[in-house]
Amino acid sequence: MTTTYRQQRQTQRPSSLWSSLVVLGVAVTVLGVLLIANPFSTAGGLAVLAGVALLVSGIAEIVSAVRAEHGGTAILYGVLTAAAGVVILLWPHVTLHAIAIVVGAVLIVAGVIRALLILASRHSGAGRGAGRGRSLLVACLAVVLGILAVTWPAATVSVLAVLFGIQLVVTGVTEVLVGLALRP
(Lines give C-alpha, C1' and ligand atoms only; values in the text may rest on other atoms or scores of the structure.)
Protein backbone atom coordinates (compact mmCIF):
# COMPACT_ATOMS: atom_id res chain seq x y z
CA MET A 1 0.00 0.00 0.00
CA THR A 2 2.79 2.40 0.90
CA THR A 3 4.66 1.54 -2.30
CA THR A 4 1.58 2.35 -4.39
CA TYR A 5 1.26 5.73 -2.67
CA ARG A 6 4.96 6.51 -3.30
CA GLN A 7 4.63 5.55 -6.95
CA GLN A 8 1.59 7.80 -7.35
CA ARG A 9 3.43 10.68 -5.68
CA GLN A 10 6.41 10.27 -7.98
CA THR A 11 4.33 10.15 -11.16
CA GLN A 12 1.95 12.98 -10.26
CA ARG A 13 2.91 16.60 -10.63
CA PRO A 14 3.24 18.07 -7.13
CA SER A 15 0.87 20.83 -6.21
CA SER A 16 2.37 24.28 -5.83
CA LEU A 17 -0.32 25.16 -3.30
CA TRP A 18 1.01 22.95 -0.54
CA SER A 19 2.90 25.76 1.17
CA SER A 20 -0.16 28.03 1.06
CA LEU A 21 -2.23 25.31 2.73
CA VAL A 22 0.37 24.87 5.45
CA VAL A 23 0.57 28.63 6.14
CA LEU A 24 -3.22 28.98 6.11
CA GLY A 25 -3.58 25.94 8.35
CA VAL A 26 -1.10 27.30 10.87
CA ALA A 27 -2.88 30.69 10.89
CA VAL A 28 -6.30 29.08 11.42
CA THR A 29 -4.89 26.87 14.18
CA VAL A 30 -3.35 29.87 15.96
CA LEU A 31 -6.63 31.78 15.72
CA GLY A 32 -8.47 28.79 17.16
CA VAL A 33 -6.03 28.53 20.07
CA LEU A 34 -6.37 32.27 20.77
CA LEU A 35 -10.16 31.98 20.74
CA ILE A 36 -10.06 29.04 23.14
CA ALA A 37 -7.60 30.85 25.41
CA ASN A 38 -9.60 34.09 25.58
CA PRO A 39 -13.15 33.63 24.25
CA PHE A 40 -14.36 37.05 25.42
CA SER A 41 -11.78 39.14 23.56
CA THR A 42 -13.38 38.67 20.15
CA ALA A 43 -16.85 40.09 20.76
CA GLY A 44 -17.21 41.87 17.43
CA GLY A 45 -15.94 38.96 15.38
CA LEU A 46 -18.05 36.50 17.29
CA ALA A 47 -21.11 38.68 16.78
CA VAL A 48 -20.57 38.79 13.02
CA LEU A 49 -19.93 35.05 12.84
CA ALA A 50 -23.03 34.28 14.90
CA GLY A 51 -25.15 36.62 12.77
CA VAL A 52 -23.90 35.18 9.48
CA ALA A 53 -24.29 31.63 10.77
CA LEU A 54 -27.88 32.25 11.85
CA LEU A 55 -28.75 34.03 8.61
CA VAL A 56 -27.27 31.29 6.40
CA SER A 57 -28.80 28.56 8.55
CA GLY A 58 -32.21 30.22 8.33
CA ILE A 59 -31.99 30.63 4.56
CA ALA A 60 -30.91 27.00 4.16
CA GLU A 61 -33.83 25.89 6.32
CA ILE A 62 -36.26 27.94 4.20
CA VAL A 63 -34.85 26.60 0.92
CA SER A 64 -35.03 22.99 2.09
CA ALA A 65 -38.55 23.56 3.46
CA VAL A 66 -39.78 24.94 0.15
CA ARG A 67 -38.65 21.70 -1.52
CA ALA A 68 -40.34 19.53 1.13
CA GLU A 69 -43.96 18.46 0.89
CA HIS A 70 -44.93 19.65 4.39
CA GLY A 71 -42.43 22.37 5.22
CA GLY A 72 -44.52 24.86 7.21
CA THR A 73 -42.67 24.23 10.45
CA ALA A 74 -39.27 24.44 8.81
CA ILE A 75 -40.17 27.65 6.96
CA LEU A 76 -41.23 29.30 10.22
CA TYR A 77 -38.10 28.08 11.96
CA GLY A 78 -35.97 29.31 9.05
CA VAL A 79 -37.59 32.75 9.08
CA LEU A 80 -37.03 33.09 12.84
CA THR A 81 -33.42 31.95 12.57
CA ALA A 82 -32.67 34.27 9.63
CA ALA A 83 -34.36 37.18 11.41
CA ALA A 84 -32.16 36.61 14.46
CA GLY A 85 -29.11 36.66 12.20
CA VAL A 86 -30.20 39.95 10.61
CA VAL A 87 -30.79 41.52 14.04
CA ILE A 88 -27.30 40.57 15.15
CA LEU A 89 -25.68 41.80 11.91
CA LEU A 90 -27.53 45.14 11.95
CA TRP A 91 -26.66 45.77 15.61
CA PRO A 92 -22.91 46.35 15.24
CA HIS A 93 -22.11 47.08 18.88
CA VAL A 94 -23.95 44.07 20.19
CA THR A 95 -22.55 42.55 23.32
CA LEU A 96 -21.92 38.88 23.78
CA HIS A 97 -24.64 38.88 26.41
CA ALA A 98 -27.17 40.17 23.89
CA ILE A 99 -26.14 37.51 21.35
CA ALA A 100 -26.83 34.79 23.90
CA ILE A 101 -30.21 36.33 24.75
CA VAL A 102 -31.23 36.68 21.08
CA VAL A 103 -30.11 33.16 20.20
CA GLY A 104 -31.78 31.78 23.33
CA ALA A 105 -35.06 33.56 22.60
CA VAL A 106 -35.05 32.29 19.01
CA LEU A 107 -34.39 28.75 20.20
CA ILE A 108 -37.24 28.91 22.72
CA VAL A 109 -39.80 30.38 20.33
CA ALA A 110 -38.81 28.16 17.40
CA GLY A 111 -38.75 25.05 19.60
CA VAL A 112 -42.19 25.75 21.06
CA ILE A 113 -43.66 26.47 17.61
CA ARG A 114 -42.08 23.36 16.14
CA ALA A 115 -43.35 21.18 19.02
CA LEU A 116 -46.87 22.59 18.73
CA LEU A 117 -46.94 21.98 14.98
CA ILE A 118 -45.67 18.43 15.44
CA LEU A 119 -48.29 17.73 18.08
CA ALA A 120 -51.00 19.26 15.90
CA SER A 121 -49.94 17.07 12.97
CA ARG A 122 -50.26 14.02 15.23
CA HIS A 123 -53.91 14.84 15.90
CA SER A 124 -54.61 15.30 12.20
CA GLY A 125 -53.07 11.91 11.38
CA ALA A 126 -50.13 13.29 9.39
CA GLY A 127 -46.51 12.49 10.15
CA ARG A 128 -46.36 9.11 11.84
CA GLY A 129 -43.48 7.11 13.18
CA ALA A 130 -40.04 7.67 14.59
CA GLY A 131 -39.46 10.80 12.49
CA ARG A 132 -42.10 12.67 14.46
CA GLY A 133 -40.57 11.51 17.74
CA ARG A 134 -37.11 12.71 16.70
CA SER A 135 -38.52 16.03 15.53
CA LEU A 136 -40.30 16.48 18.85
CA LEU A 137 -37.08 15.64 20.71
CA VAL A 138 -35.17 18.23 18.65
CA ALA A 139 -37.87 20.83 19.39
CA CYS A 140 -37.71 20.11 23.13
CA LEU A 141 -33.90 20.23 23.06
CA ALA A 142 -34.06 23.64 21.34
CA VAL A 143 -36.33 24.94 24.13
CA VAL A 144 -34.01 23.61 26.85
CA LEU A 145 -30.92 25.09 25.18
CA GLY A 146 -32.77 28.38 24.69
CA ILE A 147 -33.69 28.54 28.36
CA LEU A 148 -30.06 27.85 29.31
CA ALA A 149 -28.84 30.55 26.92
CA VAL A 150 -31.26 33.15 28.33
CA THR A 151 -30.66 32.31 31.98
CA TRP A 152 -26.90 31.83 31.75
CA PRO A 153 -25.65 33.94 28.82
CA ALA A 154 -22.03 34.16 29.98
CA ALA A 155 -21.67 30.38 29.88
CA THR A 156 -23.43 30.24 26.52
CA VAL A 157 -21.01 32.69 24.94
CA SER A 158 -17.90 31.09 26.35
CA VAL A 159 -19.05 27.61 25.29
CA LEU A 160 -19.80 28.92 21.78
CA ALA A 161 -16.40 30.60 21.55
CA VAL A 162 -14.52 27.54 22.82
CA LEU A 163 -16.41 25.19 20.47
CA PHE A 164 -15.71 27.49 17.53
CA GLY A 165 -12.06 27.65 18.60
CA ILE A 166 -11.86 23.85 18.70
CA GLN A 167 -13.40 23.69 15.23
CA LEU A 168 -10.79 26.18 13.96
CA VAL A 169 -7.95 24.15 15.48
CA VAL A 170 -9.21 20.93 13.89
CA THR A 171 -9.64 22.67 10.52
CA GLY A 172 -6.20 24.26 10.73
CA VAL A 173 -4.42 21.05 11.64
CA THR A 174 -6.24 19.27 8.82
CA GLU A 175 -5.14 21.93 6.33
CA VAL A 176 -1.53 21.62 7.52
CA LEU A 177 -1.64 17.84 7.12
CA VAL A 178 -3.18 18.07 3.63
CA GLY A 179 -0.58 20.68 2.65
CA LEU A 180 2.27 18.50 3.89
CA ALA A 181 0.85 15.51 2.05
CA LEU A 182 0.83 17.54 -1.19
CA ARG A 183 4.39 18.79 -0.96
CA PRO A 184 6.86 17.47 -3.50
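**Figure 1. Along the sequence, the protein reads α-α-α-α-α-α-α.** Welcome to a predicted model, whose secondary structure comes to seven helices and zero strands. Of the 184 residues in the protein, 27% are buried. Among contacts with a sequence separation of 6 or more, 80% join residues 24 or more positions apart. The protein exposes about 11,400 Å², and carbon and sulfur atoms supply 72% of that area.

Figure 2. Which residues lie nearest the centre of the largest pocket? They are Leu 54, Val 103, Leu 107, Thr 156 and Leu 160, out of 30 residues that line the pocket. Helix α5 gives the largest share of the lining, with eight residues. As a friendly reminder of how such spaces are found, rolling a probe the size of a water molecule over the atoms shows where empty space is left.

**Figure 3. A nonpolar patch on the surface brings together Ile 36, Val 159, Leu 163, Ile 166 and Val 170.** Together these residues have about 420 Å² of accessible area. Which helix supplies the largest share of the patch? That is helix α7 (residues 153–182), with four residues.

**Figure 4. A closer look at Ile 166, a residue of helix α7.** Ile 166 is also one of the members of the nonpolar surface patch. Why does Ile 166 count as partly exposed? Its relative accessibility is 42%, and the partly exposed class lies between the buried limit of under 20% and the exposed limit of over 50%.

Figure 5. Is Thr 29 buried or exposed? Thr 29 counts as buried because its relative accessibility is 16%, where buried means under 20%. Leaving aside residues up to four places away in sequence, Thr 29 touches Leu 168, Val 169, Gly 172 and Val 173.

Note on methods:
Residues are numbered from 1 along each chain as its sequence is written. This is a predicted model: local features need pLDDT of at least 70, side-chain atom pairs count only at pLDDT 80 or more; totals for chains, interfaces and linings use all residues. Side-chain values use heavy atoms; hydrogens and water are left out. Patches are made of residues with over 30% relative accessible area and no salt bridge: like charges are joined within 9 Å, nonpolar side chains (Val, Leu, Ile, Met, Phe, Trp, Tyr) within 5 Å. Accessible areas come from the Shrake-Rupley method with a 1.4 Å probe; for residues, only the protein chains shown count as cover. A salt bridge is a side-chain nitrogen of Lys or Arg within 4 Å of a carboxyl oxygen of Asp or Glu. Helices (H or I, at least four residues) and strands (E, at least two) are DSSP runs, numbered from the N terminus. Buried means under 20% relative accessible area, exposed over 50%, partly exposed in between (1.4 Å probe, protein chains only). Contact means heavy atoms within 4.5 Å. On a 1 Å grid over the protein atoms alone, a cavity is a set of points where a 1.4 Å probe fits but cannot get out, and a pocket is an open set with protein on both sides within 12 Å along at least five of seven lines; lining residues have an atom within 4 Å of a point.
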